[in-house]
Structures are given as C-alpha cells and as structure tokens.
Amino acid sequence: MQKKDFINLMAETQKITKTKASESLEIVLAGFNELFDREESVKLKGFGELGVRKREPRRFRNPQTGEIEVKQGYLTPYCLLSKSLRRD
C-alpha cells in the first residue's frame, strides 16, 4: 500500500476529507522522524515498536588497495511487531 492509498483509506474509514487525513499522517510521520533523530523509539500498543539502532564504527580492509579503513557508525531503522500481529 502506498501513502496515497493509506490516506484514502484513512479518509474513508474516519469519514474525514483527504486533506485532513493527509495532514494527520504528515504530523504523525514528522513526530516519528523527530524521535528517530533523537535516537528514541515509538511503542504503539497492539502494533509494535519502531526505532533506530546505532551501528558502531568498524574497521575493514579494502580488497583493492589492502589498506585498513574505518567505516563510520550510522543509524539503522528497525520494527518489532507485537505478538498479535506476528504470524507463526
């Protein structure tokens, strides 16, 4: 499902305009981005947990030159689904 499809679904189920649904979704996504920038997670009961994990810098050898280089640390996203959404 794409973003516009989700907005249409929100508008239909909540009986609001597509503009209001789009604005609501943008507010939620902006809040998620703000939390992820602060390296915090979002826990939604019945849905799961969204967040970012910090990957530590690591050393590696460049196979072409043989030099040891350092790859900088970075943030990687993760999603843990709640037990009610998992399929075993």
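The model is predicted, so local features are described only at pLDDT of at least 70 and side-chain atom pairs only at pLDDT 80 or more, while totals for chains, interfaces and linings use all residues. Residues are numbered from 1 along each chain as its sequence is written, and side-chain values use heavy atoms, with hydrogens and water left out.

Start by selecting residues 3-14, which form helix H1 (helices are DSSP runs of H or I with at least four residues, strands are runs of E with at least two, and both are numbered from the N terminus). The end C-alpha atoms of H1 are 16 Å apart, which agrees with the 16 Å that its 12 residues should span at 1.5 Å a residue (the expected span being 1.5 Å times one less than the number of residues).

Within H1, colour Ile7, Met10 and Ala11, its buried residues (buried means under 20% relative accessible area, exposed over 50%, and partly exposed in between, with a 1.4 Å probe and protein chains only). Seen down the axis of H1, these buried residues fall within an arc of 95°, so they line one face of the helix (the arc is that of the directions from the helix axis to the C-beta atoms). The face turned away from that buried side carries the exposed Glu12 and Thr13, and just after the helix Lys15 takes a positive phi of about 55°.

Next, select residues 18-37, helix H2, whose 20 residues reach 28 Å from first C-alpha to last. Its buried residues are Ala21, Leu25, Phe32, Leu35 and Phe36, and because they fall within an arc of 105° seen down the axis of H2, they line one face of the helix. These buried residues pack against H1, S1, strand S2 (48-55) and strand S5 (74-81) (contact means heavy atoms within 4.5 Å).

Now show the side chains of Glu26 and Lys3, which form a salt bridge with the closest N and O atoms 2.3 Å apart (a side-chain nitrogen of Lys or Arg within 4 Å of a carboxyl oxygen of Asp or Glu). This pair links helix H2 to helix H1 across 23 residues of chain.

Move on to Arg38, whose side chain meets Glu34 at 3.9 Å, N to O, and Glu40 at 3.5 Å, N to O.

Finish at Leu44 in strand S1 (residues 42-44), which counts as partly exposed at 37% relative accessibility.
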